[in-house]
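These are my notebook entries on one protein model.

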Amino acid sequence: MPTLTPDRHAGEPALLLTASGAHPLRLRRAASFVGRFCGLMLRAPLAPDAGLLLTGCPSVHTAFMRCAIDVVYLDAHGTVLKCVPHLRPWWGSISNVGRDAAGRRHQRAAHTLELAEGSIDRLGIVAGSRLRHPIWLAPAAPRGAAGVRP
């Protein structure tokens, strides 16, 4: 099983912005097919301030998992599209299945955030909440004189 290593941006914690405030999270990122597929299988439960960010992933499964998790689907910029609390082991979830409060079908997610069970309620995560993470920041402008390329 592949090892989940801390994200290369691990020194800059993610910040989850919800109606209840700004909540720092320690995230690991799974960006490869194998990393996303294995995810949290056969691992200890997540800490309350930890999570797994599956980039390029609009659905999840909980096969071989030891405990339930909360699943948060994100658009390409980190905005929450859909929340799935208490996803039990041996179940699956897809981002664009179901309808929002206005009756519209959910949008297909670009990324998925897996959190400890109960995190959605504890942190007040709802559609429209925002995950700020360095992977969504634009690259820094090159240093040098204004208008002059280095």
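**Surface and burial.** I looked up the accessible surface of the protein and got about 8,600 Å², with 58% of it on carbon and sulfur atoms. Accessible areas here come from the Shrake-Rupley method with a 1.4 Å probe, and for residues only the protein chains shown count as cover. Of the 150 residues in the protein, 40% are buried. I use buried for under 20% relative accessible area, exposed for over 50%, and partly exposed for in between (1.4 Å probe, protein chains only).

**Source notes.** The model is predicted, with local features needing pLDDT of at least 70 and side-chain atom pairs counting only at pLDDT 80 or more, while totals for chains, interfaces and linings use all residues. Residues are numbered from 1 along each chain as its sequence is written, and side-chain values use heavy atoms, with hydrogens and water left out.

**Fold.** I counted 2 helices and 9 strands. Along the sequence their order is β-β-α-β-β-β-β-β-β-α-β. Helices (H or I, at least four residues) and strands (E, at least two) are DSSP runs, numbered from the N terminus. I then checked contacts, meaning heavy atoms within 4.5 Å. Among contacts between residues at least 6 apart in sequence, 65% join residues at least 24 apart.

**Strand pairing.** I count two strands as paired if DSSP finds at least two bridges between them. β1 and β2 run antiparallel and are joined by 5 bridges. A hairpin connects β1 to β2 through 2 residues. Leu 16 stands opposite His 23 in β2. β2 also pairs with strand β3 (residues 50-55), in the parallel sense and over 5 bridges. There, I found Leu 53 in β3 as the bridge partner of Arg 29.

In soluble globular proteins, nonpolar side chains tend to be buried together.

**Salt bridge.** I searched the whole structure and found 1 salt bridge. It is between the side chains of Arg 26 and Asp 49, at 2.9 Å, N to O. The pair links distant parts of the chain, 23 residues apart: Arg 26 is in strand β2, and Asp 49 is in the loop between α1 (33-38) and β3. The criterion is a side-chain nitrogen of Lys or Arg within 4 Å of a carboxyl oxygen of Asp or Glu. Asp 49 is partly exposed, at 32% relative accessible area.

**Positive phi.** Most residues other than glycine have a negative phi. I noted His 86, which is not a glycine but has a positive phi of about 55°. His 86 sits in strand β6 (residues 80-87) and is partly exposed, with a relative accessible area of 38%. Trp 90 also has a positive phi, about 70°, and is not a glycine. Trp 90 lies in the loop between β6 and β7 (92-94).

**Nonpolar patch.** Is Trp 90 buried or exposed? Trp 90 is exposed, at 57% relative accessible area. Together with Phe 64 and Trp 91, Trp 90 forms a nonpolar patch on the surface, with about 400 Å² of accessible area. Patches are made of residues with over 30% relative accessible area and no salt bridge, with like charges joined within 9 Å and nonpolar side chains (Val, Leu, Ile, Met, Phe, Trp, Tyr) within 5 Å.

**Two loop residues.** I looked up Arg 99 in the loop between β7 and β8. Arg 99 is exposed, with a relative accessible area of 56%. Leaving aside neighbours within four places in sequence, Arg 99 is in contact with Arg 104, Arg 105 and His 106.

Ser 129 is in the loop between α2 and β9 (130-132). Ser 129 counts as buried, at 5% relative accessibility. Not counting residues up to four places away in sequence, Ser 129 touches Leu 17, Thr 18, Gly 78, Thr 79, Val 80 and Gly 124.
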